[in-house]
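Hi there,

Here is the structure I promised to pass on to you. Have a look at it first, and then read on for what turned up.

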Amino acid sequence: MKITELTPEQIAQFPVYRKKWIDIGLSCEPLDFERAKAAAIKVYESAGLPPPRYFFYFDSPVSAAIAAIYIKQIKEIGPTPDCQEQAREQVREQVRGQVENQVKKQVWDQVRRPVRNQVWGQVGDQVGNQVRDQVRDQVWDQVGDQVWDQVRDQVRDQVWEQVGDQVWDQVRNQVGDQVWNQVWDQVGDQVLDQVGDQVWDQVRNQVWEQVGGQVGDQVRKQVWEQVLGSHEADWLAFYDFFCQVCQLECTDRLADLMELAECCGRWAPYQNVVIFQQRHSELHFDENGLLHCETGPAIKYRDGFSVYAWHGTRLPGEWFTAPPTAKELLAWPNVEQRRAGFDMIGWDTVLDELKATLIDADRDQQIGELYEVDLPDSGRERFLRVICGTGRTFVIPVPPEMQTARAANAWSYGLDTDQYQPELRT
Amino acid sequence: MNTFKNQAAQGDILIRRIDGVPAGAIKQEASEGVYVVAHSETGHHHVVDAEGVEYYQDAQNELVAYLVVQSAISKAIRHMRSYHTHAPITVSPGTYEIRRQREYTPAGWRRVAD
């Protein structure tokens, strides 16, 4: 018997599950390490894998990723004290040379200390030189680079398969299309908007932007591998609704994943080793639920890794200590960031600072206004100030020979003025 | 639903009905069931479902592409962002030119990047 319709009582539970999982996804609570370890062990168990032996945690996606690279390199070289130092030095050099200042200083210190304390605390001191060979046999040889990759994929794939093949099929077979879509729209998708789009996407893009070069590639790869945890709240919410409200049977695995999502940020499974991430320690939104903070980072992790944002648009952190000038903004390459920057310093300040003269104002705000500025260093420039289909104001530099706002719009699309006739703008 | 006859804009793209795809345009492959008609640096692409659609890149102008929507199927161009979203635009069967927006720099022009 398929569920083809939800009862009013079940529908009344939509907001409850939305809130439950948005709260989990946006939680800033510290990691519950013991609870996370216990849940991870159960995930391995139900994936048919030997339980992990070593558990590490780091304070942000960046430090967790750098730590994973670091641990891998130590393993490749081996656990002798000289080699440990060599490996540490090697990674340190790479990181120092290539990662941006903030990550370099703050994250590296955060990574080095916990790795040393945690790895060598557990492996080195605890077992001592005497059993170093044993450790090598048991841990480092098993978790060679190749195996590392295989196991990561294995754990992840098995987790996904369990959820995909089992829970998905189970739920799919028991509910009609309409209910499936309704629950996704009302629960899953809305959690995704708030947690995935407002937080995780922004964090990931910040990592992408902040770490470059060879280490950057490795870090990006590692971050991508951290696919589980509290930011997966959207589909966990979706299944949780079916499990709890519709009393569909869910596997234990899903319960363990939900448990993990409630006690850590993301986490990455490897053979013998699990790396957990702390959740963010601060999150700030505007009244529309968009990531926003006017006085500091909108997302902050415990090691200082931060994302700055203005009403949902991620901006350079420097702008919050020393606001950009209107002239800098006019030349800023990203149009969304430029818009947010103008919004930040205020339009009156912009016109005043640029000593802008209005050349032409179209009756249609979506055609906009054409301004001229005369800048000390770069001379006469013109720009279009135009409202887009979403109601936001954008500034587009146009050639100095433009005479009307309409001509400037047409030029921006490579058309002649009379060719530019949009019936609709969204 | 947002429909148009000859010309419409969605964020930084402009779509115009034309008679046919110019000679030399390069046919594109769909990726994961969609054509990305406007790539965004932050992943907020503008996309159209690939089924029943052909998509071409202009051979000379990187800012111009072509969309062919086969008869009897209307398609929506969707903006992949859950906030500040440019509303979907329905494209009825026909051939269209898709233009990306550009902006002026003292060194020439560049594509509007977001």
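Before the findings, one term: two strands are said to pair if DSSP finds at least two bridges between them. Please also keep in mind that this is a predicted model.

Strand S13 of chain A, residues 424-425, is joined to S2(B) by two bridges, and the strands run parallel. Which residue of S2(B) is the bridge partner of A:Arg425? The partner is B:Ala9.

Now the whole interface. Chain B brings 35 residues to the contact, and chain A brings 37 residues. The size of an interface is often given as the accessible area lost when the parts come together. Between chain B and chain A, about 3,100 Å² is buried, with carbon and sulfur atoms giving 51% of that area.

The rule finds two salt bridges across the interface of chain B and chain A. One of the salt bridges is formed by B:Arg81 with A:Glu336, where the closest N and O atoms are 3.1 Å apart.

Where does the side of chain B that touches chain A come from? Strands that each supply at least two of its residues include S1 (2-3), S3 (13-18) and S11 (94-100) of chain B. The largest share, four residues, comes from S2(B). By type, the residues on this side of chain B are 13 nonpolar, twelve polar and ten charged.

Enjoy exploring!

Definitions and conventions:
Residues numbered from 1 in each chain as written. Chains lettered and ligands numbered in written order. Predicted model: local features only at pLDDT ≥ 70, side-chain atom pairs only at ≥ 80, totals over all residues. Heavy atoms only, no water. Contact = heavy atoms within 4.5 Å. Buried area = accessible area lost by both parts, 1.4 Å probe. Salt bridge = Lys/Arg side-chain N within 4 Å of Asp/Glu carboxyl O. Nonpolar A, V, L, I, M, F, W, Y, C, P; charged D, E, K, R; others polar.
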